[in-house]
Structures are given as structure tokens and as C-alpha cells.
Amino acid sequence: LLLLVGDVAEVEEYIEKDPWKEWAFELNGMGSMYTQKSYNYINLTAGLNISKINDKFKLESYNRLDYSESKLSYYDYDSSLYELNIYQKGFFSNSLLVKSLGDHFGIGGMAIIKNDEPNNMDLRMQLGPAIEYNVFAYGDATQKQFRFLYSVLYENTSYIDTTIFNRMQDEAWRQNLRILARFNNTWGYVDGSITGSNYLHDFSRYSLGANVMANIRVYKSLSVNFMCGMSMYRDRINQAKGYASLDEILT
């Protein structure tokens, strides 16, 4: 009997043991292509998400690489053939580290790094403290979350072209408030967020956004996805000066 109990205990210990030690990694990719006689477009996206959540601390890191290519052929008024090739790339990294102060409250920091050629950003870095409150206990984070995340970030941006404010570089402080909810179940998951942000030196420069996504499992591995969102921007200090070139208009 003692031998049998020992075997059962060993089996239970093996089942509960986590070889990944609470680390989670997700690789994802997406591509799209559009082609016709005079126009071709391709877009590629690759992402790596890393997280570790327990009752002591939480680490979340979302990273993405983007690449797009446009090729256009057209005849000018003098019947001359012109060909345009436009290449654009970018990357985005958003990392959050929070130390738990109890089951619901945490304090830590956030770091955001991005390169965005279509939006005139050679390099933007944001870094600063963050506080978080989760309505549900951190121990339930894999099943349900309802979080309020507030951060104050120092922002430094280098631009590709001169902005409408005649700047090639900017630095400022920005505050952000995010309300995030996620619910996982056997039928799938629902994920939603409401975000607001503004510059501390000028409250009229702000942005607002909201989105919701649902993945509903219909039958075994067959799922249906729903997504909707909206946003409003009043803080585009990165807007390039001048008019769009002919190449930019056509592609």
C-alpha cells in the first residue's frame, strides 16, 4: 500500500511539473499579395510574443516585423513607360514588467521601441514607470483578466523627413491609460481594450481607441473570428512636411 501511494504521488508530481517554468512563447506570421497587370503588392508580417505570469511578477513582450513592397507600371502622357518600386519596412516592440504587490495590484515599467517608415519614424523609444490593477487575481490570469494599466513614458523620436513642425527630432512626456479584458474558455476567447493617451505638455494632442476580438470554436478545430475597432488621432506630430510625391500617391 505504501508503495502504491508513493507511485501515485510521483505521477501527480510529474503532471503538475511545468518544464517551461511558466514561460510562454508564441510565433506568428501573416502575408498578403495582390497582383494585376500594372500593379503588384506584397505584405509580410512576423511576430514573437513572450510572457511569464505568476503570483510574484509578470512579463509581457510583443514584437513584430513588417515588410511591404509595391510595384507599379504606367504610361505617361508621352506614351513613355514608367516603373515604380516602393519598399517599406518597420518593427515594433512593446514590453511590460510588473512586480505583484498582492493578488490584484502591481508596479513596474514599460518600454516601447518602433521603426515606422510609412509614418515618418526612423526610431521612436518610450520608457517609463507603470502601475496596474487587475480586478481578478493574478493567479487566474490565464483564464480571465480585467486590467487597468496606467503609465507615464518619456518619448524620444527621430524622424526620416522634416515634420510639419520643422523638426527632425522630438522629445516629450506622454501618459497612457489602457483598460484590457480577456476571457478564455473551452469555447474560445474574447479580447478587448480601450486606450487613451496624450502629451503632458499639450493635452489637446491626444489619441483614443477601442477594439474587440473574439475567437469562437464552432466544432473541434474549426473556429470563427470576429474583430472590430475604431480610433481617433490628434497627436500625429510625426507627420512629414510637404505634399505626397507622385510615387507615394500612385502606390
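Patches are made of residues with over 30% relative accessible area and no salt bridge, with like charges joined within 9 Å and nonpolar side chains (Val, Leu, Ile, Met, Phe, Trp, Tyr) within 5 Å. This is a predicted model, in which local features need pLDDT of at least 70, side-chain atom pairs count only at pLDDT 80 or more, and totals for chains, interfaces and linings use all residues. Residues are numbered from 1 along each chain as its sequence is written, and side-chain values use heavy atoms, without hydrogens and water.

**Negative patch**
- Asp 18, Glu 22, Asp 55 and Asp 103 form a patch of negative charge on the surface; a salt bridge is a side-chain nitrogen of Lys or Arg within 4 Å of a carboxyl oxygen of Asp or Glu.
- Glu 22 sits in the loop between α1 (2–16) and β1 (23–35); helices (H or I, at least four residues) and strands (E, at least two) are DSSP runs.
- Glu 22 is partly exposed because its relative accessibility is 41% (buried is under 20%, exposed over 50%, partly exposed in between; 1.4 Å probe, protein chains only).

**Nonpolar patch**
- β7 (144–159), β5 and β6 each supply at least two residues, and β7 gives the most, with three.
- Tyr 133 belongs to β6 and is partly exposed, because its relative accessibility is 39%.

**Strand pairing**
- β4 (residues 81–100) and β5 (residues 105–116) run antiparallel, joined by 11 bridges; strands pair if DSSP finds at least two bridges between them.
- The β4–β5 hairpin has four residues between its strands, and Gly 102 in the turn has a positive phi of about 105°.

Conventions:
Areas by Shrake-Rupley, 256 points an atom, 1.4 Å probe, with all protein chains shown as cover. Lys, Arg positive; Asp, Glu negative; His and termini not counted. Charge placed at Lys NZ, Arg CZ, Asp CG, Glu CD.
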